[in-house]
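Please look over the sequence and the structure shown below before turning to this briefing. The notes after it are grouped by topic for a reader who is new to the model.

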Amino acid sequence: MIINNCKKIVGGSGEGPALVTAQPINFLSMVDAKTGKITDPMHELYKKSLKGVVLVFPYAIGSSVGAYSIYSTREYGVAPSAVVCYKTDITTASGCAIADIPVVDLPKGAPPIKQGSIAKVEADAGRITVKV
Amino acid sequence: MVLILSTEIMSGLELSRDEEEALAGKLGKALASAYKILVAIGESTGAKKLIPIKWAHLSGVNYNTIGDPGMDFLDKFSRTTKVVVKSTLNPMGYDRNKPEDIPSSFQEKQGSIIESYERMGVNPSFTCTPYEIFDIPDKGTAISFAESNAAVFSNSILDLRTNKESALSALAGSVTGKAPLSELRLEEARSPKVGIEANFKFGSELDYGLMGYFAGKVIKDSSVAFSGISKPSMIEAKMLSAAIGTSGSCGMFTLGTAKEKISFDRKEAKAVMDELNTAEDGDIITLGSPQLGMNELDYLDKLVEGKKFNKRCIIFCSRAIHNQAARVGLTGKLQRSGAEFMCDSCTCLTPYVTKEKYDSIVSNSVKGAYYLNNSNEVSVALKDIKTIVKDYTE
């Protein structure tokens, strides 16, 4: 499956298993930047790791410092390889810009990306390729 | 080639020639990074251009929140660039005059972060309530505020214009003097499409906090209208702003109604309490998040007059407010009632409050409760300030 017309937020490309959630993420309070794991037991991605995944989520919420948390995951080697948002927020955009993590917004009406499927994000081309 | 062209058409943000050159690295790596951030947030918020800002307020100060990667990043970043607009700073981890049992490694790393900001020319104000300390620009002025309570308060109460900036996007604003013209810097997003109506009589500032937390969760837009409440006092407006900023992405509130209406009843208030109120009682009391201002110190002083706290009660406030309060004798009076002051820092993620030291904390701050529960991992007894004084003074 190919999803075209994605909006580039941060350029570059990355590939990995899709980690998909419909719940927003507070990167400061819900992510352990050293391990890349989601630490909030209330979150549906609890205990899942961001390392090497294509993170598909709506947008970030809460602390403005979450941008540094995203950058920290890169410094600790546990960053996602790409990020796909329904609507990228300022925290995600700025954190990923500094961490060199490609980011795109999904176009309206895009088909769902299956949990665990291998996804390749080519931000400059505005394209996501999903292998089942 | 076709693909590249189509991307260029899709990209809505246009940069001036100078901005393009800075992005390409002509003015050095740090400014190139700053413009890279501005382009990313400009694209994500649908901006067509960058505009000048008058003030940047930066978060990302406390070592507990940005860690070694943030510290190292700022050290490098600060060696080649300086701020070009008024730039103020959020609280750090602890009060420099009261290191107590703060580990020396923490103090050193915190010191490095502060040095970096000072090297860039940022005012070391260590406050999350810059709106209570500094001169306020004219209404309608574009600013760039990280620290969500300050962004929400400035948009809603002071009619300044900022998006809910991140620590890094406000930093980019401080060294470029620019921000994208988008979302809450435009008129359209400042008129809420969805309103929240309170359907019960609010008893205290805590109810404003609960409503704010609820609003942040349910409102997906940049702004929200509140009805069914009286005009919030300073303390109520601060609690409301902080709570909205904690749970969502909404960055402004107005008083009034909107096309769509969501009800905030006792049931919704109770659901927030059930989530955040995780203890019956606490080992100590922390007041702050946001840091207390003169209004709140004055109010607290009246409540505790002739009484004494029977638990350790820490008041977090900025040094500027502390000094002002000291001049009018407020700090002395509050200290005689057993309260103690911590400057430069605040409740959220301070190393003063750890799970090793305390099982639970009493606070009136919804924002504080969220971070104490989730980041400091201590449980919280959430009570309004009057109840705290009633329950814990003699």
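Ser345(B) counts as buried, at 0% relative accessibility, where buried means under 20% relative accessible area, exposed means over 50% and partly exposed lies in between, with a 1.4 Å probe and protein chains only. This is a predicted model, in which local features need pLDDT of at least 70 and side-chain atom pairs count only at pLDDT 80 or more, while totals for chains, interfaces and linings use all residues. Residues are numbered from 1 along each chain as its sequence is written, chains are lettered from A and ligands numbered from 1 in the order in which they are written, and side-chain values use heavy atoms, with hydrogens and water left out.

- Ser345(B) is placed in the loop between β12 and β13 (360–363) of chain B, where helices (H or I, at least four residues) and strands (E, at least two) are DSSP runs numbered from the N terminus.
- Not counting residues up to four places away in sequence, Ser345(B) touches Pro91(B), Met92(B), Gly93(B), Tyr94(B), Asp95(B), Gln291(B), Phe316(B) and Tyr352(B), contact being heavy atoms within 4.5 Å.
- Between Ser345(B) and Ile315(B) there are 10.0 Å in space, C-alpha to C-alpha, although the two are 30 residues apart in sequence.
- Ile102(B), in the loop between β3 (86–89) and α5 of chain B, is also buried, with a relative accessibility of 5%.
- Once neighbours within four places in sequence are left aside, Ile102(B) is in contact with Tyr94(B), Gln107(B), Pro351(B) and Tyr352(B).
- Ile102(B) and Tyr117(B) lie 21 Å apart, C-alpha to C-alpha, with a separation of 15 residues in sequence.
- Ser337(B) belongs to the loop between α13 (330–336) and β12 (339–342) of chain B, and its relative accessible area of 4% makes this residue buried.
- The contacts of Ser337(B), leaving aside neighbours within four places in sequence, are Val304(B), Lys307(B), Lys308(B) and Phe309(B).

**The interface of chain B and chain A**

- On the two sides of this interface, 45 residues of chain B are in contact with 39 residues of chain A.
- About 3,100 Å² is buried between the two chains, and carbon and sulfur atoms give 62% of that area; buried area here is the accessible area (1.4 Å probe) that two parts lose on being put together, summed over both.
- Of the area that chain B buries against chain A, 17% comes from Ser44(B), Pro69(B) and Leu168(B), which is more than any other three residues supply.
- One salt bridge is formed by the side chains of Lys36(B) and Asp100(A), at 2.4 Å from N to O.

**Cysteines**

- The search of the whole structure finds 0 disulfides over all chains, a disulfide being a pair of cysteine sulfur atoms within 2.5 Å.
- Cys250(B) is itself buried, at 0% relative accessibility.
- Cys346(B) is likewise in no disulfide, the nearest cysteine sulfur being that of Cys128(B), 4.4 Å away, and Cys346(B) is buried at 7% relative accessibility.

**Backbone geometry**

- Most residues other than glycine have a negative phi, and most peptide bonds are trans.
- Ser289(B) and Pro290(B) are joined by a cis peptide bond, with omega about -5°, and Pro290(B) sits in the loop between β10 (284–287) and α11 (294–304) of chain B.
- Lys47(A) has a positive phi, near 75°; this residue lies in the loop between β5 (37–38) and β6 (54–57) of chain A and is exposed, at 59% relative accessibility.
- Phe126(B) has a positive phi too, near 45°; the loop that holds Phe126(B) runs between α5 (104–120) and β4 (144–145) of chain B, and Phe126(B) is buried at 1% relative accessibility.

Notes. Salt bridge = Lys/Arg side-chain N within 4 Å of Asp/Glu carboxyl O.
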